[in-house]
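Hi,

Here is the structure I promised to send over. Have a look at it first, and then read my notes below.

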Number of protein chains: 2
Amino acid sequence: MKARIIVTPKKAVVDPQGKTVQNALEHMGYQGVKAVHVGKYLEIELESTDRETARRQLEEAAHKFLSNPVIEDYKLEIVD
Amino acid sequence: MKARIIVTPKKAVVDPQGKTVQNALEHMGYQGVKAVHVGKYLEIELESTDRETARRQLEEAAHKFLSNPVIEDYKLEIVD
C-alpha cells in the first residue's frame with residue numbers, strides 16, 4: 001500500500017520559495033503566472049494493507065512531525 | 001487554471017531525506033514502513049485558460065529549471 005502526503009504553507013503564511021519561483025518564471029518569459037505555492041511531497045510505502053489503521057497512523061504522524069500545523073496544511077491520500 | 005508539479009528523486013538515486021523520514025517514523029513507533037520518498041510540490045495558478053499552451057510551457061519550465069532531469073523525475077498535472 002502507498003500513501004501520499006502533501007504539505008503546503010497555509011494561505012495566510014508568506015511563501016518566499018513560491019514567490020521566488022513565480023519571479024523566476026516571469027524572468028524566464030512565462031507570462032500570466034498568478035501565484036506559486038511550494039510544498040513538500042512525501043510518498044510512503046507501507047507493508048500493511050489495512051487502510052483504516054494506516055490512515056489513522058499517518059494522520060497522526062503528519063500532524064505531529066511531518067508538518068508544522070501552525071504554518072502548514074497537509075493532505076493525506078491512501079493509494080492502491 | 002491551476003497546475004501541479006511533483007518533483008521526486010529518480011528511483012536509482014539515493015534519497016537521504018526520505019531515508020531520514022523513514023528512520024524517524026520507525027523511531028516514533030510506526031512499524032511497517034517499507035520506503036519513503038521525499039520530493040517537491042509546486043502549485044501554479046495561471047491566468048490563461050488554454051490548457052494545451054499551459055501544459056507545453058510548464059513541461060518546458062519543469063524540464064528546464066524546476067527539476068534537475070539528471071537526478072529527478074517530474075509529473076505535471078493541469079487541474080480545473
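One term before I start: when I say that two residues touch or are in contact, I mean that they have heavy atoms within 4.5 Å. Also keep in mind that this is a predicted model.

Let's take chain A as a whole. Its sequence runs through the pattern β-α-β-α-β, which gives two helices and three strands. Chain A is more spread out than a compact globule, because its radius of gyration is 16 Å, well over the 12 Å that the globule rule gives for 80 residues. Along the principal axes, the C-alpha trace of chain A spans about 45 × 25 × 15 Å.

Of the 80 residues in chain A, 41% are buried. The accessible surface of chain A is about 4600 Å², and carbon and sulfur atoms account for 52% of that. If you take the contacts in chain A between residues at least 6 apart in sequence, 71% of them join residues at least 24 apart. As for charge, chain A has 12 positive and 13 negative charges, and their mean positions are 5 Å apart.

Now for one residue in the other chain. H37(B) sits in strand β2 of chain B, which covers residues 33–46. Is H37(B) buried or exposed? H37(B) counts as buried because its relative accessible area is 17%, and the cut-off is under 20%.

What does H37(B) touch? Leaving out residues up to four places away in sequence, H37(B) touches Y41(A), L42(A), E43(A) and E45(A), along with K11(B) and D15(B). With E45(A) there is also a polar contact, side chain to side chain, at 3.2 Å from H37(B).

Cheers

Technical notes:
Residues numbered from 1 in each chain as written. Chains lettered and ligands numbered in written order. Predicted model: local features only at pLDDT ≥ 70, side-chain atom pairs only at ≥ 80, totals over all residues. Heavy atoms only, no water. Helix = DSSP H or I, 4+ residues; strand = E, 2+ residues; numbered from the N terminus. Rg over C-alpha atoms; globule rule 2.2 N^0.38 Å. Buried < 20%, exposed > 50% of the residue type's maximum accessible area, 1.4 Å probe, protein only. Areas by Shrake-Rupley, 256 points an atom, 1.4 Å probe, with all protein chains shown as cover. Lys, Arg positive; Asp, Glu negative; His and termini not counted. Charge placed at Lys NZ, Arg CZ, Asp CG, Glu CD. Polar contact = N/O pair within 3.5 Å; in protein donor to acceptor, adjacent residues only side chain to side chain.
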